[in-house]
Amino acid sequence: MSTVTGRFAPSPSGRMHLGNAFSCLLAWLSVRSAGGRMLLRIEDLDPDRCRPDYAQQVEADLRWLGLDWDEGGMDGETACCQSRRREIYAHYLNLLQEDGLLYPCFCTRGELHAASAPHASDGTPLYPGTCRRLSPEEQTRRATLRRPALRIRVPDREIAFTDRLQGAYRENLARDCGDFILRRSDGVHAYQLAVVVDDGLLGVTQVVRGRDLLTSAPRQLWLQEILDFPHPTYAHVPLLLSADGRRLSKRDSALDLGAIRASGRTPESVVGSLAFWSGLIDRPQAISAKELIPLFSWDKVRREDVRLGQNLPAF
């Protein structure tokens, strides 16, 4: 029987908030309850948003919560930072280019929002294929005016899978997703490519992450197939929402780990609240991450999002 390998893959663009910690706790418990291997991958490809000091804060917050990892992070021989893996992504991008699956796209963000209908499930623009059939001569002409992004041609094909929490899910790539970007116009490799390559090469067997990324799974399953990587299992966990129903973000400074730690709360009290919101325990109470391992079961984990009150519960 193969070893279960999971991962937590934060983007160091700000302080980690409770929603990030919620996803990480469930990913960690799923791995540790199976005696598996936990990876920490720092998704710092975007130089405009990501900073090393934020990544160091993420690691410090995880250690404070008692969520350790076996490989990855910022330092050491097993470091896994995407900014150090650009040549790897370029290699796989070239393989797709050699197979004739990529084409240059010269559309601006404004043009995409003006010309296309919103994505049926996540509100992002559905690419209308504007640059898909440009002649080589027109591509050369436009390249003198603007550096292109690289898009991948998706087939008119349905991709279906069963999520551990959300159940059966399916998308037609051409209708519901459209050709998507694998390298941005500034040369940064896109999330969809990097995450598939990393999960494949690092041996990830299960992906546990927020429900907001459910719509990415069909694209990633298809890329895994054409790049000859095995498919991991998926569990898209519920989101923590603010009192007004918004998904938590790094702008919610009162709910980030820095503010929570500064308030004097203990890691056990925070973990206990996360466990209560997830459905693993029936009331918020102080408990360590390790104490939750024997209590973990996916059958207990709730499917619906969690709306937090105006104030966090007393710990």
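In the predicted model, three strands form an open sheet: 3 strands in the order β4-β5-β8, with antiparallel pairing. The edge positions belong to β4 (102-105) and β8 (180-183). Each of these edge strands has a single partner, so one side of each is left without a neighbour in the sheet. Neighbouring strands are turned against each other by 45° on average, direction ignored.

Strand β5 spans residues 149-152. Its pairing with β8 is antiparallel and runs over 3 bridges. At the residue level, Arg 151 has Ile 181 of β8 as its bridge partner. Strands of a sheet pair through backbone hydrogen bonds, either parallel or antiparallel.

Helix α8 lies across β5 and β8. The helix runs at about 55° to β8. The phi angle of Asp 228 is near 65°, a positive value in a residue other than glycine. Asp 228 is exposed, with a relative accessible area of 71%.

Asp 61 is located in helix α2, which covers residues 52-65. Asp 61 is buried, and its relative accessible area is 0%. Its side chain makes a polar contact of 2.8 Å with the side chain of Arg 15. Leaving aside residues up to four places away in sequence, Asp 61 touches Arg 15, Met 16, Leu 257 and Arg 261.

The cysteines were examined next. A disulfide is a covalent bond between the sulfur atoms of two cysteines. A search of the whole structure finds 0 disulfides. For Cys 24, the closest cysteine sulfur is that of Cys 80, 14 Å away, which is too far for a bond. Cys 24 is buried, with a relative accessible area of 2%.

Cys 107 is likewise in no disulfide. Here the nearest cysteine sulfur belongs to Cys 131 and is 3.7 Å away. Cys 107 is buried, with a relative accessible area of 13%.

How values were computed:
Residues are numbered from 1 along each chain as its sequence is written. This is a predicted model: local features need pLDDT of at least 70, side-chain atom pairs count only at pLDDT 80 or more; totals for chains, interfaces and linings use all residues. Side-chain values use heavy atoms; hydrogens and water are left out. Buried means under 20% relative accessible area, exposed over 50%, partly exposed in between (1.4 Å probe, protein chains only). A disulfide is a pair of cysteine sulfur atoms within 2.5 Å. Two strands pair if DSSP finds at least two bridges between them. Helices (H or I, at least four residues) and strands (E, at least two) are DSSP runs, numbered from the N terminus. Axes are lines fitted to C-alpha atoms, for helices over the stretch in contact, and angles run from 0 to 180 degrees between N-to-C directions. Contact means heavy atoms within 4.5 Å. A polar contact is a pair of N or O atoms within 3.5 Å; within protein, one must be able to donate a hydrogen and the other to accept it, and residues adjacent in sequence count only if both atoms are side-chain atoms.
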